[in-house]
Amino acid sequence: MTRTPKSPDQTEEPHQDPHGSGRSGARQSRAAAGSVQSVDRAVSVLEILARHGEAGVTEIADELGVHKSTAFRLLGVLENRGLVGQAKDRGKYFLGAGVLRLAGAAAVRMDISQEGGPVCRELADELGETVNIAVLDDDAAVNIMQARGPASVTAQNWLGRRTPLHATSSGKVLLAHLPTTLREGLVARTLPRLTDHTVTGTVALRGELETVVEQGFATAVEEFEVGLAAVAAPVRAHDGKVIGALSASGPVYRLTEGRLTELAKRTVAAAVELSRRMGYGL
């Protein structure tokens, strides 16, 4: 018998079992809900260990409100990923090195300019001078944040400017804390003399950088511009690496030797606070 072709809108759909698709969807929903619950419990385990320092399976199960076998499975997964460790002699669990790795990744993404804004403004108001945050940009320091104190209304705008490492307080801080190979490569180059006070000799500059590391801050008096003095201190990331320099600058007639010493103390304290905000020492 000849069959009449179907029109396009009459094309047959594949046969589906309505009862089977319902059961499959329900299973998928239950599986998804179970996965979310497992993730929630795993995070809760980490929070419990962060709160207590260390805890046993029974303690963790009690806080989660689950059977010990469930808590044990969660701890096993977290331990395999390095997020928890176990003191075998005591049976206690604690946060593992993997948590530090994750925390480090988060800390790197923290914006030093955003975190440094309040610190800059507070220090500028306190000192009455211009305060900047600079970061390394290849072979120069670039200022990414600036706040002006009441005494510095006529100060230059340093925001976005690249300044030489060897002739500025911020640059010396960044240069002093570079890995040895990189630092020596930059110090050994022919450095421009910007004023009569600019340090350009390799031996002299190397000695000054050693002092910067030892005393925790750097100064520059008329080395970049005649009439300008500045002091800077290192800003550290969560792992202790120097990622920026916090500086205070002003005219030499205000920033005398005694005044510069006082600014150094306050700038170092502010840099420590900014480092804390970036996760260092926590």
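Helices (H or I, at least four residues) and strands (E, at least two) are DSSP runs, numbered from the N terminus. The structure is a predicted model, in which local features need pLDDT of at least 70 and side-chain atom pairs count only at pLDDT 80 or more, while totals for chains, interfaces and linings use all residues. Residues are numbered from 1 along each chain as its sequence is written, and side-chain values use heavy atoms, with hydrogens and water left out.

Most residues other than glycine have a negative phi. Glutamate 222, in the loop that joins strand E7 (218–221) to strand E8 (228–236), has a positive phi near 55° although this residue is not a glycine. Its relative accessible area is 17%, so glutamate 222 is buried; buried means under 20% relative accessible area, exposed over 50%, and partly exposed in between (1.4 Å probe, protein chains only). Aspartate 138 also has a positive phi, near 65°, and is likewise a residue other than glycine. Aspartate 138 is found in the loop between strand E4 (130–137) and strand E5 (140–148), and with 65% relative accessibility it counts as exposed.

Strand E5 also contains arginine 148, which is partly exposed at a relative accessible area of 38%. The C-alpha atom of arginine 148 is separated by 5.6 Å from that of alanine 124, a residue 24 positions away along the chain.

Charged side chains were considered next. The whole structure holds 12 salt bridges, a salt bridge being a side-chain nitrogen of Lys or Arg within 4 Å of a carboxyl oxygen of Asp or Glu. In one of them, glutamate 129 pairs with arginine 254, and the closest N and O atoms are 2.8 Å apart. Glutamate 129 belongs to the loop between helix H5 (112–127) and E4, and arginine 254 to the loop between strand E9 (242–251) and helix H9 (257–277), so this pair ties together parts that are 125 residues apart in sequence. Glutamate 129 is buried, at 2% relative accessible area, whereas arginine 254 is partly exposed, at 26%.

Glutamate 184 and arginine 206 form another salt bridge, with 2.8 Å between the closest N and O atoms. Because glutamate 184 lies in helix H7 (residues 180–187) and arginine 206 in helix H8 (residues 202–215), the pair ties together parts that are 22 residues apart in sequence. Glutamate 184 is partly exposed, with a relative accessible area of 24%, and arginine 206 is partly exposed as well, with 30%.

A network of salt bridges links Asp137, Asp139, Arg162 and Arg189.

Helix H3 (residues 68–80) was examined for its length and its faces. The expected span of a helix is 1.5 Å times one less than its number of residues. For the 13 residues of H3 this gives 18 Å, which agrees with the 18 Å between the end C-alpha atoms. Thr70, Ala71, Leu74, Leu75 and Leu78 are buried in H3. These residues cover an arc of only 130° around the axis, which puts them on the same side of H3; the arc is that of the directions from the helix axis to the C-beta atoms. The face turned away from this buried side carries the exposed residues Arg73, Val77 and Asn80. Glycine 82, with a positive phi near 80°, follows H3.
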